[in-house]
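Okay, thanks for coming, everyone. I've got one structure to walk you through today, so let me put it up on the screen.

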Amino acid sequence: MVNRERGMVTAETAVLAPFALVVGLLLVWVVSLGVTQVRLVDAAREGARVAARGEDPDAARSAAERVGPDHASVELDESEGVVTVTVTAESGPPVPFLRRMGRHELEATAVAAVEDP
């Protein structure tokens with residue numbers, strides 16, 4: 001008697017492995033988007049805190065760039081005793097050959113009242 005089901009698990013694995021790989025990459029990408037967003041929020045908050053203390057706008061921008069992700073852009077706006085810091089950055093898939101696909105621009109804004117000297 002010949003066992004006809006021999007090798008079934010290997011065939012099923014060969015068919016499902018690419019889908020599992022894609023799902024794994026998507027999960028890593030979603031996590032990296034979340035981490036980037038948290039870093040943007042921290043950078044905006046730090047920049048607003050430094051600017052609200054009355055320090056030089058370049059010092060606030062530098063603090064936000066230091067905390068934020070690489071290649072993030074920082075915008076500062078001060079009006080009527082309120083400082084607004086907006087930090088933006090692009091984030092893409094973690095796989096080098098997919099970098100051009102699915103790029104998202106993420107943004108975070110923090111607002112702080114300027115402290116009296």
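This is a predicted model: local features need pLDDT of at least 70, side-chain atom pairs count only at pLDDT 80 or more; totals for chains, interfaces and linings use all residues.

Let's start inside. The largest nonpolar core has 22 residues. Which of them have the most contacts inside that core? Those are L40, V85 and V87. If you ask which elements supply two or more residues each, you get α1, α2, β2 and β3. Helix α1 gives the largest share, with nine residues. That helix covers residues 8-52, and we'll keep coming back to α1 in the next part.

First up, R45 with D42: the closest N and O atoms are 2.7 Å apart. Both residues sit in helix α1, three residues apart, so that's about one turn of the helix. D42 comes out as partly exposed, because its relative accessible area is 27%, which falls between the 20% limit for buried and the 50% limit for exposed.

Then there's R49 with E46, where the closest N and O atoms are 2.5 Å apart. This pair is in helix α1 too, again with a spacing of three residues, about one turn of the helix. R49 has 40% relative accessibility, so we call R49 partly exposed.

One more to look at is E55 with R53, whose side chains meet in a salt bridge at 2.5 Å, N to O. E55 counts as partly exposed because its relative accessibility is 36%. R53 is partly exposed as well, at 39%.

Is L16 buried or exposed? Exposed, because its relative accessibility is 53% and the cut-off is over 50%.

There's also a patch of charge. E75, D77, E78, E105 and E107 form a negative surface patch. The elements giving two or more residues to that patch are β1, residues 73-79, and β3, residues 104-113. Which one gives the most? That's β1, with three residues. From the β3 side, have a look at E105. At 58% relative accessibility, E105 counts as exposed.

H71 is in the loop between α2, residues 57-67, and β1. What's its phi? Positive, about 65°, although H71 is not a glycine. H71 is also exposed, because its relative accessible area is 81%.

Past the strand, E80 lies in the loop between β1 and β2, with β2 being residues 82-91. E80 isn't a glycine either, but has a positive phi of about 55°. With a relative accessible area of 81%, E80 is exposed.

That's my tour, so over to you for questions.

Definitions and conventions: Residues are numbered from 1 along each chain as its sequence is written. Side-chain values use heavy atoms; hydrogens and water are left out. Helices (H or I, at least four residues) and strands (E, at least two) are DSSP runs, numbered from the N terminus. Buried means under 20% relative accessible area, exposed over 50%, partly exposed in between (1.4 Å probe, protein chains only). Patches are made of residues with over 30% relative accessible area and no salt bridge: like charges are joined within 9 Å, nonpolar side chains (Val, Leu, Ile, Met, Phe, Trp, Tyr) within 5 Å. Accessible areas come from the Shrake-Rupley method with a 1.4 Å probe; for residues, only the protein chains shown count as cover. A salt bridge is a side-chain nitrogen of Lys or Arg within 4 Å of a carboxyl oxygen of Asp or Glu. Lys and Arg count as positive and Asp and Glu as negative; His and the chain ends are not counted. The place of a charge is taken as NZ of Lys, CZ of Arg, CG of Asp or CD of Glu. A nonpolar core is a set of buried Ala, Val, Leu, Ile, Met, Phe, Trp, Tyr and Cys residues joined through side-chain atoms within 4.5 Å.
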